[in-house]
Amino acid sequence: GANTETWYFKKLIDIRKELNIHPLIDIRLLEKTDGDRDISFPRRLIEFAENQKENPEIAFDKERDKMIVVFDGDIFEEKVLDYDELVAEGEKKNILAVSNPAFELFLLLHYEPNAEQIIQNEKDGHQTFIYKLLLARTGINPKKNAAIGELAKNIEIAIEQEKKINEDIHQCKGQITCNIGRIID
């Protein structure tokens with residue numbers, strides 16, 4: 001995402017020492033810029049990741065380094081008919097972090113979620129249920145306020161909450177699914 005995910009992962013990187021992330025694990029956020037900023041379609045994100053591996057400024061070591069591609073699962077419910085194929089291809093060279101229906105689910109896992117309404121994620125006006133639930137729970141507009149990144153301080157809660165839902169991105173169609181916490185753990 002252009003904002004929400006970026007703010008969250010920046011904060012996670014900032015507090016990595018407090019979270020006891022091993023100091024030899026180098027975590028970098030590769031921000032999308034200019035023409036790439038609005039890429040959200042999973043196939044394009046995977047292509048973006050592959051292109052970044054060739055960027056000499058990043059110094060990506062294909063033998064040791066891993067690229068994690070984060071995307072929302074709800075996009076495939078309507079627009080990606082070959083989700084299984086996409087995941088299989090993406091996992092060949094990357095780690096895929098998927099939250100269904102959206103990244104806001106992962107943020108809500110820092111609290112207690114409401115499963116049925118979340119997976120339906122119906123729109124009310126221009127906003128989805130999960131977006132409104134997160135806004136109500138945090139008082140923060142996750143699309144416009146970098147303070148949403150502060151949730152990273154409660155990553156342990158999200159990791160434990162995520163274990164209560166489906167973490168298998170291969171079986172996420174129609175199910176609340178998230179594996180971001182497992183990857184971070």
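Biologist: What makes strand β2 (residues 95-100) and β5 partners?

Modeller: Two bridges join β2 to β5, and the strands run antiparallel. Strands pair if DSSP finds at least two bridges between them, so β2 and β5 qualify. Serine 99 stands opposite cysteine 178 in β5. This is a predicted model: local features need pLDDT of at least 70, side-chain atom pairs 80 or more, and totals for chains, interfaces and linings use all residues. Residues count from 1 along each chain as its sequence is written, and side-chain values use heavy atoms, without hydrogens or water.

Biologist: Why are β1 and β5 said to stand at the edges?

Modeller: The open sheet has three strands, in the order β1-β2-β5, with mixed pairing. β1 and β5 (177-178) each have a single partner strand, so one side of each lacks a neighbour in the sheet. Helix α2 (residues 42-53) lies across β1 and β2. α2 runs at about 165° to β1, on a scale of 0 to 180 degrees between N-to-C directions. Strands here are DSSP runs of E, at least two residues; helices are H or I, at least four.

Biologist: Why is methionine 67 called buried?

Modeller: Its relative accessible area is 9%. Buried means under 20%, exposed over 50%, partly exposed in between, with a 1.4 Å probe and protein chains only. Methionine 67 is therefore buried. Its place is in the loop between α2 and β1. Beyond four places in sequence, methionine 67 is in contact (heavy atoms within 4.5 Å) with Leu30, Ala49, Gln52, Lys53, Phe60, Asn94 and Ile95.

Biologist: How do you know that α1 is largely enclosed?

Modeller: Eight of its eleven residues are buried, so the rest of the structure largely encloses α1. Those eight are Thr4, Glu5, Thr6, Trp7, Tyr8, Phe9, Lys11 and Leu12. Their cover includes β1 (68-72), α5, α8 and α9 (180-184).

Biologist: Which residues touch the most other members of the largest nonpolar core?

Modeller: Tyr8, Phe106 and Ile155, in a core of 29 residues. Such a core is a set of buried Ala, Val, Leu, Ile, Met, Phe, Trp, Tyr and Cys residues joined through side-chain atoms within 4.5 Å. α1 (4-14), α5 (103-108), α7 (129-138) and α8 (155-162) each supply at least two of its residues. The largest share, five residues, comes from α5.

Biologist: What does phenylalanine 106 touch?

Modeller: Leaving out residues up to four places away, phenylalanine 106 touches Tyr8, Ile155, Ala158, Glu162, Cys178, Ile180, Gly181 and Ile184. A second, separate core of 17 residues includes Phe71, Leu86, Val98 and Cys172.
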